[in-house]
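These are my notebook entries on one chain, written down in the order in which I looked things up. I kept the sequence and the model open beside the page.

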Amino acid sequence: MKKMILTLVAMMAMTSGFAKSNESKRFDMSCDIYRLSVTLDLDEEQMDAVEMIQDNFSNEMQSLASQQGLWQRVNIHKAVRKDAEQMRQVLNDEQFHTYMRILMATLHNRNL
């Protein structure tokens, strides 16, 4: 009986550890800046600004992985809006629309 209980506790601990690691991966919004710059056809100045904005957004999303429920949803929405506003200042209309399509697809695929 003791072995069964210890086995059950070990399985639960392993499962919860696996779920937490997957949860933090969902919020990893880092991307290959070079590929993004090619896709958006960025110049050098835009590339530097986009890299800085993307780093800030990725760090902010990583910090939201520990939150739960409604506050997490609200803060994700705020982070995405802040990122979009900053990108809007750097990119032209065509680049911005392409970036938003990529961002929304990424958020959808990660179930955020």
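Is Glu 60 buried, partly exposed or exposed, and at what relative accessibility? I read 26% relative accessibility for Glu 60, so the residue counts as partly exposed; the classes I use are buried for under 20% relative accessible area, exposed for over 50%, and partly exposed in between, with a 1.4 Å probe and protein chains only.

Ground rules. I am working on a predicted model, in which local features need pLDDT of at least 70 and side-chain atom pairs count only at pLDDT 80 or more, while totals for chains, interfaces and linings use all residues. I number residues from 1 along each chain as its sequence is written, and side-chain values use heavy atoms, with hydrogens and water left out.

Entry on the fold. I looked up the secondary structure and found five helices and zero strands, in the pattern α-α-α-α-α along the sequence; helices (H or I, at least four residues) and strands (E, at least two) are DSSP runs, numbered from the N terminus. Of the 112 residues in the chain, 29% count as buried.

Entry on helix H4. I noted that H4 covers residues 69-90, which is 22 residues, and that its first and last C-alpha atoms are 32 Å apart, close to the 32 Å expected at 1.5 Å a residue; the expected span is 1.5 Å times one less than the number of residues. The buried residues I listed in H4 are Gln 72, Asn 75, Ile 76, Ala 79, Val 80, Asp 83, Ala 84 and Met 87.

Entry on salt bridges. I counted a salt bridge where a side-chain nitrogen of Lys or Arg is within 4 Å of a carboxyl oxygen of Asp or Glu, and by this rule I found two. In one of them, the side chains of Glu 60 and Lys 82 meet at 3.8 Å, N to O. Glu 60 lies in helix H3 and Lys 82 in helix H4, so this pair ties together parts that are 22 residues apart in sequence. Lys 82 is partly exposed, with a relative accessible area of 42%. I also found the side chains of Asp 93 and Arg 88 meeting in a salt bridge at 3.0 Å, N to O. Asp 93 is partly exposed at 45% relative accessibility, and Arg 88 is partly exposed at 39%.

Entry on surface charge. Which residues gather in a patch of negative charge on the surface? I listed Asp 41, Asp 43, Glu 44, Glu 45, Asp 48, Glu 51, Asp 55 and Glu 94. Such a patch is made of residues with over 30% relative accessible area and no salt bridge, with like charges joined within 9 Å; Asp and Glu count as negative, and I took the place of a charge as CG of Asp or CD of Glu. Helix H3 (residues 44-64) gives the largest share of the patch, five residues. Asp 43 lies in the loop between helix H2 (33-40) and H3, and its 43% relative accessibility makes it partly exposed.

Entry on Asp 41. I found Asp 41 in the loop between H2 and H3, where it counts as exposed at 63% relative accessibility. Its phi is positive, about 55 degrees, although Asp 41 is not a glycine. I made a note of this because most residues other than glycine have a negative phi.

Leu 40 lies in helix H2 and is buried at 3% relative accessibility. From C-alpha to C-alpha, I read 8.2 Å between Leu 40 and Phe 96, which are 56 residues apart in sequence, and 9.6 Å between Leu 40 and His 97, which are 57 residues apart. His 97 lies in helix H5 (residues 93-109) and is partly exposed at 46% relative accessibility. Ser 37, also found in H2, is buried at 7% relative accessibility.

How values were computed: Patch = residues over 30% accessible without salt bridge, like charges linked within 9 Å, V, L, I, M, F, W, Y side chains within 5 Å. Areas by Shrake-Rupley, 256 points an atom, 1.4 Å probe, with all protein chains shown as cover.
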